[in-house]
Amino acid sequence: LKSPYHGGHLEVIVGPMFSGKSEELIRRVTRAVIARQRVFVFKPALDDRYHESAVASHAGRTVHAVAVRGAADIRAHLSGEGTLLHAQGDTLPDVVGIDEVQFLDEAIIPLALDLADAGVRVILAGLDQDFRAEPFGFMPELLARAESVEKLTAICTVCGAPATRSQRLIGGQPARFDDPVVLVGAEESYEARCRVHHVLRN
Ligand code: ADP
């Protein structure tokens, strides 16, 4: 007799900034919570601490989350070590969601696969491309390994077409290809743009 399918799998939500990745993650997670599934949501910590936090969309919806420094923090949290939020049973949660996954480390990949193999529904949201429109870090491998991929678009702030890219502006001007990813003291912003209106300064 074959054992029944345990339901574990990997879902990835990608797109540029403002495309509604966080909103979509919050929507999927909220449904699971309403259905009384055990859900854990994680996001990258901006500082050096592992702490309680929330995932928020640009439109203001939020869901409870734990801010982590990397995959190791998530593994520790799920195994009950130093857990911040809930008393742990022996069982894994039904659903694990992670927002802004591109800012975590590559060890997210084996972690996501281990969880899916163990029967967990893993939902990862993040940028597929950086401000240069290059594939973002390890995201291509996640896309390749996922059972389902949803690629969202925003609205181009120049022409209104579907926006697939994140335009980086420094002091109101398009960023250069080799501008450092972190610019100290510069006034920086991002806009959703289509293929035609995404520009890199020479
Ligand atoms: P992401 O996680 O992909 O950055 P969010 O879920 O945080 O996106 O935010 C999506 C929300 O951003 C939209 O529902 C809308 O309120 C807002 N928004 C701001 N600028 C744009 C834009 N250019 N196109 C679409 N939505 C935008």
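A backbone N or O atom of G20 sits 3.0 Å from a ligand oxygen atom. That is a polar contact, meaning a pair of N or O atoms within 3.5 Å; within protein, one atom must be able to donate a hydrogen and the other to accept it, and residues adjacent in sequence count only if both atoms are side-chain atoms. K21 places a polar side-chain atom 2.7 Å from an oxygen atom of the ligand. For H58, a polar backbone atom is 2.7 Å from a ligand oxygen. The ligand alone exposes 580 Å², and the protein buries 73% of that. These areas come from the Shrake-Rupley method with a 1.4 Å probe; for residues, only the protein chains shown count as cover.

This is a predicted model: local features need pLDDT of at least 70, side-chain atom pairs count only at pLDDT 80 or more, and totals for chains, interfaces and linings use all residues. Residues are numbered from 1 along each chain as its sequence is written, and side-chain values use heavy atoms, with hydrogens and water left out.

## The shell around the ligand

The ligand has 15 residues around it; K21, S22, E23, H58 and I155 come nearest. A residue is near a molecule or strand if one of its heavy atoms lies within 4 Å of it. Seven shell residues are nonpolar, six polar and two charged. Ala, Val, Leu, Ile, Met, Phe, Trp, Tyr, Cys and Pro count as nonpolar; Asp, Glu, Lys and Arg as charged; the others, Gly among them, as polar.

Helix α1 (21-34) and strand β8 (154-155) each give at least two shell residues. The largest share, three residues, comes from α1. Helices (H or I, at least four residues) and strands (E, at least two) are DSSP runs, numbered from the N terminus. Domain 1 (9-152) and domain 2 (153-202) each supply at least three shell residues. Domain bounds come from an automatic or database domain assignment.

## An enclosed helix

Why is α2 (residues 71-78) largely enclosed by the rest of the structure? Six of its eight residues are buried. Buried means under 20% relative accessible area, exposed over 50%, partly exposed in between (1.4 Å probe, protein chains only). The buried residues are A71, D73, I74, A76, H77 and L78. They pack against β2 (39-44), β4 (62-68), β5 (95-98) and α3 (108-117). Just after α2, G80 has a positive phi of about 95°.

## Positive phi in loops

Most residues other than glycine have a negative phi. R36 has a positive phi, near 65°. R36 lies in the loop between α1 and β2 and is exposed, at 77% relative accessibility.

Key
Contact = heavy atoms within 4.5 Å.
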